[in-house]
Amino acid sequence: MSRTLGVAVIGAGRMGADHIARLNRRIAGARVAAVVDVDLARAQAAVADIEGAVALTDAGEALALPGVDAVLIATPGFLHEDILLQSLGKNLPVLCEKPLTPDAESAWRVVQAERELGHQRIQVGFMRRFDEEYRQLGAVVRDRGLGELLMLHCAHRNPATPEGFSNEMLIHDSVVHEFDVIRFLTGEEITSVQVRLGKPTSNAPTGQHDPQHVLLETESGVLADVEIYVNAKFGYQVSTQASFEDGIVDIGRDTGPYVRTAGRWGGRVSPGFEERFGAAYDVEVQSWVDAAARGEIGGPSAWDGYATAACCEAGVEAQRTGGKVSVKLEEKPALYS
Ligand code: ISE
């Protein structure tokens, strides 16, 4: 592997473009070697200012290029499995945007392929684990400085949804982050999911029930509730209140300059996840690049991708049935212990 990690970015849409800019300007030890997109013009535009980077429409071709040492997948989830398996076949380090794959069965196939390879190559893009406040909250849980963690109250609000954002996507595109971060904070698997549908907003597109109230339970009985509200209009907000035996911790509150003007006071709400989690994405990608140089992964694993896919499946069933649905997991392979 060359000293500077040559990365093939697969998918030059919203997240892919954000990662290309990041790799190009803020990440040390890596460079964009290729950009792949079904839309060749979009791939070409993405590499226009990057010396030596090539634009392609086929991921397999990119993976075979001599200057490609690693793969960053930012396509829609249904395309991930094929690219992941090809990357494992070439033993390349991968950073795969969430979800690992759209369902637990295909995610499990990826886990098994990695297990056969014998070492971890896939890091999943759950960027919240790299957010400073989530990390601090995780440390409070682990150190037991405030006693045992008992409950988590999470709010996940988006200003609006892109076209085609289905009712199920509230779970597998949005709440998937809470599934992961609750597993990260507690160090436990989620055992059941319930979804309650209350009074909907008139701002949601047809077919989407918004907001929804998701209730989860972990192995030791920690309860978590998530308000997922994806047409909240006012801006982007992700926050958590954690109840411990000896105190309460809040993260994700509004920060930044507090301005008084024209008879009003206040600050700015983040417009979207790129701004809210920009610093976390930088740390995440740097951690992946640094770990790749050591032949390791630097964040959540394929097992985490599989376990959250199983939570999403339970969540979608709970949405449909209104019941409390158990999360069923295969036995965790030793590779992920
Ligand atoms: C989006 O795909 C993300 O990953 C964002 O972090 C999340 O807030 C949003 O709901 C998803 O649609």
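Is Asp131 buried or exposed, and what is its relative accessible area?

Author: Asp131 is buried, because its relative accessible area is 10%; the classes are buried under 20%, exposed over 50% and partly exposed in between, for a 1.4 Å probe and protein chains only. The model is predicted, so local features need pLDDT of at least 70 and side-chain atom pairs count only at pLDDT 80 or more, while totals for chains, interfaces and linings use all residues. Residues are numbered from 1 along each chain as its sequence is written, and side-chain values use heavy atoms, with hydrogens and water left out.

Asp131 sits in the loop that runs between strand 6 and helix 6 (132-143); helices (H or I, at least four residues) and strands (E, at least two) are DSSP runs, numbered from the N terminus. Although 149 residues separate Asp131 from Ala280 in sequence, the C-alpha atoms of the two are 4.6 Å apart in space.

Val9 has Leu72 of strand 4 as its bridge partner.

Helix 9 gives the most, with 4 residues. The pocket holds about 410 Å³ of space and is lined by 22 residues. Those nearest its centre are Arg253, Thr255, Ser270, Glu275 and Arg276. Domain 1 (5-128 + 278-300) and domain 2 (131-276 + 308-336) both give residues to this lining, so the second largest pocket lies between them; the domain bounds come from an automatic or database domain assignment.

The term pocket calls for a definition, as does cavity. On a 1 Å grid over the protein atoms alone, a cavity is a set of points where a 1.4 Å probe fits but cannot get out, and a pocket is an open set with protein on both sides within 12 Å along at least five of seven lines; lining residues have an atom within 4 Å of a point. Grid points are joined across faces, edges and corners, and a volume is the space filled by probe spheres set on the points.

The largest pocket has a volume of about 1,200 Å³. Of the 45 residues that line it, Ala74, Thr75, Pro76, Gly77 and Asp173 are the closest to its centre. Helix 1 (14-25), helix 4 (80-89) and helix 7 each supply at least two residues of this lining, and the largest share, 5 residues, comes from helix 7. Domain 1 and domain 2 each contribute at least three residues to the lining of the largest pocket.

Helix 7 (169-186) also takes part in the largest cavity, where helix 7 and helix 10 (302-321) each supply at least two lining residues. Here the largest share, 4 residues, belongs to helix 10. The count comes to 1 cavity of 30 Å³ or more, and about 60 Å³ of space lies in the largest cavity. Its lining consists of Pro99, Leu100, Thr101, Pro102, His172, Val176, Gly305, Thr308, Ala309 and Cys312. Both domains give residues to this lining, so the largest cavity lies between them.

Pro99 is placed in the loop between strand 5 (94-97) and helix 5 (104-117). Another cis peptide bond joins Asp210 and Pro211, where omega is about 0°; Pro211 is found in the loop between strand 8 (190-197) and strand 9 (212-218).

Two further loop residues concern the backbone. Arg144, in the loop between helix 6 and strand 7 (149-157), has a phi near 55°, a positive value in a residue other than glycine. Arg144 counts as partly exposed, because its relative accessibility is 49%. Ala262 likewise has a positive phi, near 50°, and is placed in the loop between strand 13 (259-261) and strand 14 (264-266). With a relative accessible area of 66%, Ala262 is exposed, whereas Asp131 is buried at 10%.

Notes: Pairing = 2+ DSSP bridges.
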